[in-house]
Amino acid sequence: MKNNRYQTLGEFIIQNQEDFQYSTGELSRLINSIRLAAKTVNHEVNKAGLVDIIGAVGTINQHGENQQKLDVYANEIFIRTLRNRQIVCGIASEENDDYISVEGSDGQHNSKYVVLIDPLDGSSNIDVNVSVGTIFSIYRRLSPEGTPVQLKDFLQAGRNQVAAGYIIYGTSTMLVYTTGHGVNGFTLNPAIGTFYLSHPSMTIPSEGNIYSINEGNYVHFPQGVKNYIKYCQREEEDRPYTSRYIGSLVSDVHRNILKGGIYIYPQTAKAPNGKLRLLYECNPMAMIVEQAQGLASDGYNPILDLEPTELHQRVPFFCGSESMVRKAEEFMKN
Ligand code: P6P
């Protein structure tokens, strides 16, 4: 990956599109559509406290979760923007029960890619002004071009992703993505609406001292997770670990990539497969973290090797610095 400090996202894509193993212009159009949607959603997220757009819109998504207005808005923006660029033949979203088949203006299904998105992850934090994020995952379709997209196009192992990324709407807005050649982070200059390469070749430290887990669920955790937490809290040495949990996956994982750390959302008695979704949360974050030299597993096996069976299936998630994930897996195995 070639990069020049502070080059724009557009310049970076053009400079590196030959790395996108399928076709030159297509990556550009895909990432550019996500870039536009990110700026549009960012504008609304940033003023959420100022207009009557926060608070639950009153509808319930298919998981029985209150949908914040920004959830609905972000979902509409990403779907509309992806449709309009006529680069994808199908879209799946956390906010939609089923996948969306996308036709070109010619009524054909000639596009080669499918996109899976969590349009606004951590949305329960919106009302308390905590960072939230968008997560996206991109695959090349398996079904024949020119035919309607099929469920199998979405149910691909994470190892097949051609690109993955997230947008974090935080103290600054960043777009972080990979096409399998390392991870690069771009920060938005809101004054001119341009993303600049601020974090080239992001690499997660192999060791860290931050563990991110909702210890409120401690009594429901598997024994291996309880033992790992106690290991992190052990008296020996000078207690090198610290607990940080924002309750927003994108924020917790982004911080851990920059500083080193592990994020765990394990299975519990109440949620035997955990809470996070494999296809549009764990797979994209796993591709990013692995490309940043970290690890992501379900406690036993790499997330990216799991064969999906359902669009919205959940999976336990252990993700972050290599040595910390390995140590947590040791406790899970014993
Ligand atoms: P809990 C947000 O709802 C989310 O999907 C992730 O962004 C976050 O890490 C997790 O759930 C928080 O879940 O059960 O700890 O509130």
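Let's start with what covers helix H5. The buried residues of H5 are covered by elements that include strand E11 (210-212), strand E13 (262-265), strand E15 (317-320) and helix H8 (322-333). Cover here rests on contact, meaning heavy atoms within 4.5 Å. H5 itself spans residues 223-232, and its buried residues are Gly224, Val225, Lys226, Tyr228, Ile229 and Cys232. Buried means under 20% relative accessible area, exposed means over 50%, and partly exposed lies in between, with a 1.4 Å probe and protein chains only. Helices (H or I, at least four residues) and strands (E, at least two) are DSSP runs, numbered from the N terminus. An α-helix has 3.6 residues a turn, so residues three or four places apart point the same way.

Keep in mind that this is a predicted model: local features need pLDDT of at least 70, side-chain atom pairs count only at pLDDT 80 or more, and totals for chains, interfaces and linings use all residues. Residues are numbered from 1 along each chain as its sequence is written, and side-chain values use heavy atoms, with hydrogens and water left out.

Now strand E15, one of the elements over H5. Phe317 and Cys319 point one way from E15. Phe318 and Gly320 point the other way, and all four are buried. Which strands pair with E15? E13 does, antiparallel, over 4 bridges. E14 does too, also antiparallel, over 3 bridges. Two strands pair if DSSP finds at least two bridges between them. Look at Gly320. Ile262 stands opposite Gly320, and Leu295 has Gly320 as its bridge partner.

Stay with E14, residues 295-297, and take Ser297 in that strand. Ser297 is buried, at a relative accessible area of 2%. What does Ser297 touch? Beyond neighbours within four places in sequence, Ser297 is in contact with Pro302, Ile303, Pro316, Phe317, Phe318, Val325 and Glu329. With Glu329 there is also a side-chain polar contact of 2.8 Å. A polar contact is a pair of N or O atoms within 3.5 Å; within protein, one must be able to donate a hydrogen and the other to accept it, and residues adjacent in sequence count only if both atoms are side-chain atoms.

Next, the open sheet. It has 8 strands, in the order E4-E3-E5-E6-E7-E8-E9-E10, with mixed pairing. Which strands stand at the edges? Strand E4 (100-101) and strand E10 (194-199) do. Each has a single partner strand, so one side of each is left without a neighbour in the sheet. E10 pairs with strand E9 (residues 183-189), antiparallel, through 5 bridges. In that pairing, Asn189 has Thr194 as its bridge partner.

Move along to strand E8, residues 173-178. Buried or exposed? 6 of the 6 residues are buried, so E8 is largely enclosed by the rest of the structure. Thr173, Leu175 and Tyr177 sit on one side, and Met174, Val176 and Thr178 on the other. In a regular strand the side chains alternate between the two faces of the sheet.

E7 and E8 run antiparallel over 6 bridges, and a hairpin of 3 residues joins them. Ala164 has Thr178 as its bridge partner in E8. On to E9: 5 bridges join E8 to E9, again antiparallel. There, Thr178 stands opposite Val183. The hairpin of E8 and E9 has 4 residues between the strands, and in it Gly180 takes a positive phi near 95°.

Val162 is in the loop between helix H4 (151-154) and strand E7 (163-169). Val162 is buried, with a relative accessible area of 2%. The C-alpha atoms of Val162 and Thr179 are 5.7 Å apart, although 17 residues separate them along the chain.

Last, the ligand. Which residues surround it? Asp121, Gly122, Asn214, Tyr245, Gly247, Ser248, Leu249, Tyr263, Tyr265, Lys275, Leu276 and Glu281. The shell divides into 5 nonpolar, 4 polar and 3 charged residues. Ala, Val, Leu, Ile, Met, Phe, Trp, Tyr, Cys and Pro count as nonpolar, Asp, Glu, Lys and Arg as charged, and the others, Gly among them, as polar.

A backbone N or O atom of Leu249 lies 2.7 Å from a ligand oxygen. A polar side-chain atom of Tyr263 also lies 2.7 Å from a ligand oxygen. For a side-chain N or O atom of Lys275, the distance to a ligand oxygen is 3.0 Å. Taken alone, the ligand exposes 400 Å², and the protein buries 79% of that. Those areas come from the Shrake-Rupley method with a 1.4 Å probe; for residues, only the protein chains shown count as cover.

Notes:
Near = heavy atom within 4 Å.
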